[in-house]
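Please read it with the structure open.

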Amino acid sequence: LGGDLAHGLELAQHLFLNRKYVGKILILGSEKFYDQTKQAIELLERRDLASYQFVNEHLALIAAFSHSGTNSFLGRGIFLASEPSISHSPIWYAGVLVHEATHVNLYRARKTWQEKFLPSSALREREEMICLENQERALRNLGADASTLKWVREGKHRHYWDVPFLQRDW
């Protein structure tokens, strides 16, 4: 119990004493993580204002984590970001943020309990296509190179959305 209590106190200190925001988004992680996230968000602000506003509207929290994924049970979303998702380049990470904010937007638009909590494979795939389109648009606006744009376009063939959260290596 002592270790759990110490971990809980450390987490509380991190959450409440070391708050760092970029725009309206709370960033939780190391200084390096904060700096990488800030750089990606500020890149959106400078080069793609519409995407910057979209990300700020839909993401409340970005936290460093071992796997990447987004959740939106309580309004604005939470993006858990892993090292592979953020470390390629600021442009790549900015595109990822647009992708994840799109997930939050689509989740909020779902109507039924089943759509929200047990979405069909077809719904998940359809939503991923929209996320990839928005990501590619943002990357184009940010000046991404041809190989980055190709990687995103080919994402629809990889079916990465079927990989369980804890088995993701990104």
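1. **Basis.** This is a predicted model: local features need pLDDT of at least 70, side-chain atom pairs count only at pLDDT 80 or more, and totals for chains, interfaces and linings use all residues. Residues are numbered from 1 along each chain as its sequence is written, and side-chain values use heavy atoms, with hydrogens and water left out.

2. **Fold.** The protein has eight helices and five strands. Helices (H or I, at least four residues) and strands (E, at least two) are DSSP runs, numbered from the N terminus. Their order along the sequence is α-β-β-α-α-β-β-β-α-α-α-α-α. Contact here means heavy atoms within 4.5 Å. Among contacts between residues at least 6 apart in sequence, 60% join residues at least 24 apart.

3. **Burial and surface.** Buried means under 20% relative accessible area, exposed over 50%, and partly exposed in between (1.4 Å probe, protein chains only). Of the 170 residues, 40% count as buried. The protein exposes about 9,700 Å², and carbon and sulfur atoms supply 57% of that area. Areas come from the Shrake-Rupley method with a 1.4 Å probe; for residues, only the protein chains shown count as cover.

4. **Core.** A nonpolar core is a set of buried Ala, Val, Leu, Ile, Met, Phe, Trp, Tyr and Cys residues joined through side-chain atoms within 4.5 Å. The largest one holds 34 residues, and L59, I62, Y93 and L97 touch the most other members. Elements that each supply at least two residues include β2, β3, β5, α2 and α7. Helix α5 gives the largest share, eight residues. Look at I62: leaving aside neighbours within four places in sequence, its contacts include I25, L28, F33, I41, F79, Y93 and L97.

5. **A101.** This residue is found in helix α5 (residues 90-109). A101 is buried, with a relative accessible area of 0%. Not counting residues up to four places away in sequence, A101 touches F54, V55, H58 and L59. From A101 to N71 is 9.9 Å, C-alpha to C-alpha, across 30 residues of sequence.

6. **Helix α2.** At 1.5 Å a residue, its 17 residues should span 24 Å, and the end C-alpha atoms are 24 Å apart, which agrees. The expected span is 1.5 Å times one less than the number of residues. Buried residues in α2 include F33, T37, I41 and L44.

7. **Surface patch.** W113, F117 and L118 form a nonpolar patch with about 360 Å² of accessible area together. Patches use residues with over 30% relative accessible area and no salt bridge: like charges are joined within 9 Å, nonpolar side chains (Val, Leu, Ile, Met, Phe, Trp, Tyr) within 5 Å. W113 sits in helix α6 (residues 113-117). W113 is exposed, at 58% relative accessible area.

8. **Salt bridges.** A salt bridge is a side-chain nitrogen of Lys or Arg within 4 Å of a carboxyl oxygen of Asp or Glu. The whole structure has seven. E136, R140 and R153 are linked in a network. R140 meets E136 at 2.9 Å, N to O. These two are four residues apart in helix α7, so about one helical turn separates them. R153 pairs with E136 at 3.1 Å. R153 lies in helix α8 and E136 in helix α7, so the pair ties together parts 17 residues apart in sequence. E136 counts as buried at 15% relative accessibility, whereas R140 is partly exposed at 49%.
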